Amino acid sequence: MTETMETYGPYGGRYVPETLIPALDELDAAWREALADPAYRAEIEHLGRTYTGRPSPITLAPRFAPGKRLYLKREDLNHTGAHKINNALGQVVLARRLGKTRIIAETGAGQHGVATATACARFGLECVVFMGAEDMRRQAPNVERMHLLGATVVPVEFGTRTLKEATSEAIRDWITNVETTHYVIGSCVGPAPYPEIVRELQAVIGREAREQLLEAEGTLPEAVVACVGGGSNAIGMFAGFVDDPGVRLVGVEAAGAASLGAGRTGVLHGSRSSILSDTDGQIADAHSISAGLDYPGVGPEHAFLRDTGRAEYVLCTDEEALAAFRRLSETEGIIPALESSHALAVVDGLDAEYVCVCLSGRGDKDLAEALTALGMRV
C-alpha cells in the first residue's frame, strides 16, 4: 500500500496499491487541467442547465415545521431524482478528456448507479455498476432503471452485501482494468483527488442555495442541514456556507452507521477518515434503513470539519427518519428519500428558526421499504 500526505488535516491522502498510483496521478493532472479550462466549466454548466434541470429550486415548508422558516433545497427535482447526477456528469466528462471508454461505479441506494448509467448513456460509454445484493433487493426500482439505461449491474454477495462490499468490489475491478476504465466514486470518499473532485462537483448545491436564500429572505439561514453517509450532498451543501461563521452546518448520520459520532480514525477504501471499527482496526458493520447511509465510513473533509468544530454531526434513528418521511409527504406533498428524511427529522429539535435542509433525493426508490416499515403496505 502507498501512503501520501493527508489533505484535510490528519485525514484524506492515498492508501492504495501501487498499481493505482499512476491512474490517480493521471486523474489529478486531468482534474487540475479541467479546473483551469473554461470549456470544461462551460460544458458542466450547460449540462446542468439543459440536462439536469439546474438550478434546483428552494421550497418553503411551513406545514412541516410550523413556527420555523424551513426551506428545502430541492435536489430531488434533478434529472434522475437526486444530487448524484451533478457528480456523475462531471466525472464522466472528465473521463472522456482522459480517453477512458469504460466507466465503473459503486452504489448503495442506487441513485449514484442510476446517475452514472444516465451519464454513460448520454455519452455512449460502457457502464458497469457494483451493488450489494441486499441493496439490490431494497432498491429494486433503481436496479431496473440501470438495466434500462444500458448498464451492467453486478451483484455483490459477500459480507453485509451492501455499499461497503460494493465499493471494495469496484476497486478490485479498477485495479484490473485501470488502463481503459475510470471509476466514478459516488461520494466524497476514496483516495485523493476524489474527495476534492466530488466536493467541487456538488458545491453547486450550496452556491445556488446561498444565492436563493439571500434573495428570498435577505439574509443567510441560521443553519443548513444535510444527511451524511459518505457525505456528498452534505459537503456540497456546506461548501456554500463554510466561510460564513454565522451559519451552523449540521450533518445528520444514521444512528446505526454513525462514523463521525461513534467512529475512530482509520483507513477505508483508500483514505484516512473517521470509520466504524473495533479496537483491532477491523471494519464494523453499519446499519440503516436507508441504503445510502448504510456505510461504515465518511468523507475525510467531514472528519476535519467535525474536529475543527466548524460542523456538528447528530444522530437519527430509523424510526425518526420514517416519521419524517411520512410527515413531509402528508404536510407538503413531497415524498423524500429515506436519506433526506434523516435530515428532516432533526429540524424540530434545532435551536434555530430559519433553516435550510438539503432534500438530496426523492422517495420513489424507498416506497416498498418505508411503507412496509410503517405498516402501510396494501
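Predicted model: local features only at pLDDT ≥ 70, side-chain atom pairs only at ≥ 80, totals over all residues.

Start with the overall tally: searching the whole structure turns up 35 salt bridges. We'll visit a few of them.

First stop: E33 and R97. These two form a salt bridge, and their closest N and O atoms sit 3.6 Å apart. Now look at where they come from. E33 is in helix α1 (residues 21-35) while R97 is in helix α3 (residues 84-98), so this pair ties together parts that are 64 residues apart in sequence. How open are the two partners? E33 is exposed, with a relative accessible area of 54%, and R97 is partly exposed at 34%.

Next, find R74 and D76. They make a salt bridge too, with 2.8 Å between the closest N and O atoms. Are these residues buried or exposed? R74 has a relative accessibility of 10%, so it counts as buried, because the cut-off for buried is under 20%. D76 is buried as well, with a relative accessible area of 5%.

Now hop over to K365 and E339, another salt bridge, where the closest N and O atoms are 2.8 Å apart. K365 sits in the loop between β14 (354-359) and α14 (367-373), and E339 belongs to helix α13 (residues 338-345), so the pair links parts that are 26 residues apart in sequence. K365 is buried, at 5% relative accessible area, and E339 is buried at 7%.

Last stop: salt bridges can join up. Here E134, R137, E157, R161 and E369 are linked in a network of them.

Conventions: Residues numbered from 1 in each chain as written. Heavy atoms only, no water. Salt bridge = Lys/Arg side-chain N within 4 Å of Asp/Glu carboxyl O. Helix = DSSP H or I, 4+ residues; strand = E, 2+ residues; numbered from the N terminus. Buried < 20%, exposed > 50% of the residue type's maximum accessible area, 1.4 Å probe, protein only.
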